[in-house]
Amino acid sequence: IMDLEQVEECVVVVKNLSKSKVLNIKQNILIAYCISDKKINENEILKCLSSKLPDYMLPTLFIQIDRMPLSPNGKVDLNSL
């Protein structure tokens, strides 16, 4: 994702979604948090990525943010995303 011109900074996070609490089935999805001056075109990004990555490595959701939240030690604060 960072190779694309429109994206300045990006972090991809795995989130667990529970399909059924009774059956205890879990599904993981990838969420890409991106910083860009322009509006991010998800279809364009997915088109570029799908030629290089398998489907399971493609983000399900793209969220555009103004800045990355940082922890006191300067690392990306994943809990704040």
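This is a predicted model: local features need pLDDT of at least 70, side-chain atom pairs count only at pLDDT 80 or more; totals for chains, interfaces and linings use all residues.
pLDDT is the predictor's confidence in each residue, on a scale from 0 to 100. Over the protein I get an average pLDDT of 87, with 89% of the residues scoring at least 70.

Residues are numbered from 1 along each chain as its sequence is written, and side-chain values use heavy atoms, with hydrogens and water left out.

**Layout**

I looked up the elements next and found one helix and three strands. Along the sequence they come in the pattern β-β-α-β. Helices (H or I, at least four residues) and strands (E, at least two) are DSSP runs, numbered from the N terminus.

Of the 81 residues, 31% count as buried. Buried means under 20% relative accessible area, exposed means over 50%, and partly exposed is in between (1.4 Å probe, protein chains only). The protein exposes about 6200 Å², and carbon and sulfur atoms supply 50% of that area. Those areas come from the Shrake-Rupley method with a 1.4 Å probe; for residues, only the protein chains shown count as cover.

I also checked contacts (heavy atoms within 4.5 Å). Among contacts with a separation of 6 or more, 54% are between residues 24 or more positions apart.

**Cysteines**

Is Cys 10 buried or exposed? I have Cys 10 as buried, at 16% relative accessibility. Cys 34 is buried too, at 0%. Cys 10 is in strand β1. Not counting residues up to four places away in sequence, Cys 10 touches Ile 1, Met 2, Ala 32, Tyr 33, Cys 34 and Met 68. I also took the C-alpha distance from Cys 10 to Phe 62: 9.8 Å, for residues 52 apart in sequence.

Cys 48 sits in helix α1. Cys 48 is partly exposed, at 31% relative accessibility. Its C-alpha is 8.8 Å from that of Ile 1, 47 residues away along the chain.

**Cores**

Which residues make up the largest nonpolar core? I listed ten: Leu 4, Val 7, Cys 10, Ala 32, Cys 34, Ile 40, Ile 45, Leu 49, Leu 58 and Phe 62. β2 (25-35) and α1 (42-50) each supply at least two residues of this core. Apart from it lies another core, of nine residues, including Ile 35, Ile 65, Met 68 and Leu 81. A nonpolar core here is a set of buried Ala, Val, Leu, Ile, Met, Phe, Trp, Tyr and Cys residues joined through side-chain atoms within 4.5 Å. In soluble globular proteins, nonpolar side chains tend to be buried together.

I followed up on Phe 62: leaving aside neighbours within four places in sequence, Phe 62 is in contact with Ile 1, Ala 32, Cys 34, Glu 42, Ile 45 and Leu 46.

Gln 6 lies in the segment before β1 (9-20). With a relative accessible area of 14%, Gln 6 is buried. Its side chain reaches the backbone nitrogen of Asn 41 at 3.3 Å. Polar contacts are pairs of N or O atoms within 3.5 Å; within protein, one must be able to donate a hydrogen and the other to accept it, and residues adjacent in sequence count only if both atoms are side-chain atoms.

Ser 36 is in the loop between β2 and α1. Ser 36 is buried, with a relative accessible area of 11%. What does the side chain of Ser 36 reach? I found the backbone oxygen of Gln 6, at 2.3 Å. Beyond its neighbours within four places in sequence, Ser 36 is in contact with Gln 6, Val 7, Glu 8 and Gln 64.

**Lys 15**

Last entry: Lys 15, in strand β1. Lys 15 is partly exposed, with a relative accessible area of 27%. The C-alpha atoms of Lys 15 and Ile 29 are separated by 5.4 Å.
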